[in-house]
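Look over the sequence and the model, then read on.

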Amino acid sequence: MTALTALPAWQSMLAHAGRLRDMDMRAAFASDADRAERFSAEDCGILLDYSKNRLDDAALAAVFELARATKVEARRDAMLSGAHINSTEDRAVLHTALRAPRTASIKVDGVDVVPEVHAVLDRMCAFAGRVRSGEWRGYDGRAITDVVNIGIGGSDLGPYMACEALQDYAAPNLRMHFVSTVDGWQLTTTLAKLDPATTLFIVASKTFTTQETLTNATAAREWLLAKAPDASAVAKHFVAVSTNAEAVARFGIDLANMFGFWNWVGGRYSLWSAIGLPILIYLGEDNFRALLAGAHAMDQHFARTPLERNLPVIMALLGVWYINGMGARTHLVSPYNQPLHRLPAYLQQLDMESNGKSVRLDGSHVDYHTGAVIWGEPGINGQHAYYQLLHQGTELIPIDFIAAVDNPKSSLKHQRILLANFLAQTEALMRGKRPNEVRDELSAQGLAGEALEALLPHKVFEGNRPTNTLLLDRLDPTIFGALIALYEHKVFVQGTIWGVNSYDQWGVELGKQLARTIESELTSIQPITTHDASTNRLLERARKALVARSNS
């Protein structure tokens, strides 16, 4: 494959980035009355305003040419058609098939997968309906009141994030809980609030061998059986999202309540599949299908819209522009709606596990940066925490601002304050405050002379800090589905440009392998000499603490 850095389009992008590194965005708005309208795009209930970026028309043309030079459109079409674009695992990448309508036809290795997808979805809907209606009963005949999802990674982050984001649409008689970490504190504190007879567990593990998930699931089963009359209760209180029928049955789960998915569904792209069972139970069939429909609408937008108006493509190219053109190393996601508080954590996995790669598809090492450190939390909280660094720090940090215009749960007063802060921050980051403006402000406050000059530099804001504004019509299942799909496709486009495989994650394996070795050594009485000096010493310290606890 042609080296990315050798492409004329890459060199053109870098040249424009150098030219615009110190761009005065305030002046750009003053001289171009149409900038905001021209540098925005809208579809699926989402308005993207990217006018507050260090860009002009020539730079935009260069980055769109880079997308074409790296064959983004051809690889997009290959992904959507079921080609095995996950080359290191020889798999298709078809999370888009999970939200395709029943009438669609999408083939993987010659087999139309849409009927299979809808068969599983129909089974999920039937099961969820029984739980929500109270027809599904626990071992003592009472209805389910609490659902605990036991998973990790994509089997936890996606469902948890979606249930939090759409809690206004949830069943009032059900409480959702999520357990992921192998730190037993999380499971113990969750179970302490629950009644075994009215609790349903969803064990989400494709192989049903994931250590963290099975450790927690086994402990939960022991907790249940400590109160239940016999082992038959397991089938009334546990269901599985898995493909390992033998292990699921051995656990005690009725195979009629095992919901499967396919190897072309990556974990961090799986909330649309059976992994989304907790979302379906919590929100109900109509809302879950609306979530899928919103994602499908964004899929269609991504597939059919010219690059220059294509929301995921634009966001992806802006990321490449700042990471590779201007040296940005982190990217902030700042949602202003509190229900979206888990969105940054979800996007951390989606983005960093997908494109945190240093080897290209052909096995060669990259000679450019890939991916950014994704971080963030709700914006109002951030304003009173790390926004100081954003406004006056030394780091260049592009930001995605996200807010819903319509928010029925919030009073008009609250919503006005929220939107005022949301909009003000993007303007403040762009405009800054110049020395002459600070001097006039301080003079109006009665300061003069040395006192004014001493304070002045501390109140100057450089400005020209880049932001994208994502304005949602409302935070409902349909638009939320479109928002998540937008970020999925953004990640795909960036991976295509960088020439990496966005759909494997070999980087998570080494630590797991070493952990298995260390776990056995923590129970051994032999001297520990098999690791480096630091790990040996720390392991010995930990082993002594565990032995002391077991003897107490």
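## Cysteines

Cys 163 is buried, with a relative accessible area of 1%. Buried means under 20% relative accessible area, exposed over 50%, and partly exposed in between, with a 1.4 Å probe and protein chains only. The closest cysteine sulfur to that of Cys 163 is in Cys 125, 14 Å away, too far for a bond. Cys 44 is also buried, at 17%.

How many disulfides does a search of the whole structure find? It finds 0. A disulfide is a pair of cysteine sulfur atoms within 2.5 Å.

## Basis of the model

This is a predicted model, where local features need pLDDT of at least 70, side-chain atom pairs count only at pLDDT 80 or more, and totals for chains, interfaces and linings use all residues. Residues are numbered from 1 along each chain as its sequence is written, and side-chain values use heavy atoms, with hydrogens and water left out.

## Two helices against H14

Helices (H or I, at least four residues) and strands (E, at least two) are DSSP runs, numbered from the N terminus. Helix H1 (residues 8-20) packs on helix H14 (residues 311-325) at about 75°, with axes 10 Å apart. Axes are lines fitted to C-alpha atoms, for helices over the stretch in contact, and angles run from 0 to 180 degrees between N-to-C directions. H1 and H14 are therefore roughly perpendicular. Angles of 65 to 115 degrees count as such, under 35 as roughly parallel, over 145 as roughly antiparallel, and the rest as oblique. The contact includes Trp 10 and Met 13 of H1, and Val 320 and Trp 321 of H14. Contact means heavy atoms within 4.5 Å.

Helix H4 (residues 57-69) packs on H14 at about 105°, again with axes 10 Å apart. That makes H4 roughly perpendicular to H14. Among the residues that meet are Val 63 and Phe 64 in H4, and Ile 314 and Leu 317 in H14. By class, this contact of H4 with H14 has 10 nonpolar, no polar and no charged residues. Ala, Val, Leu, Ile, Met, Phe, Trp, Tyr, Cys and Pro count as nonpolar, Asp, Glu, Lys and Arg as charged, and the others, Gly among them, as polar.

## Helix H8

In helix H8 (residues 184-191), Gln 186, Leu 187, Thr 190 and Leu 191 are buried. Trp 185 and Thr 188 are exposed on the other side. The buried residues of H8 pack against strand S6 (175-179), strand S7 (199-204) and helix H9 (211-225).
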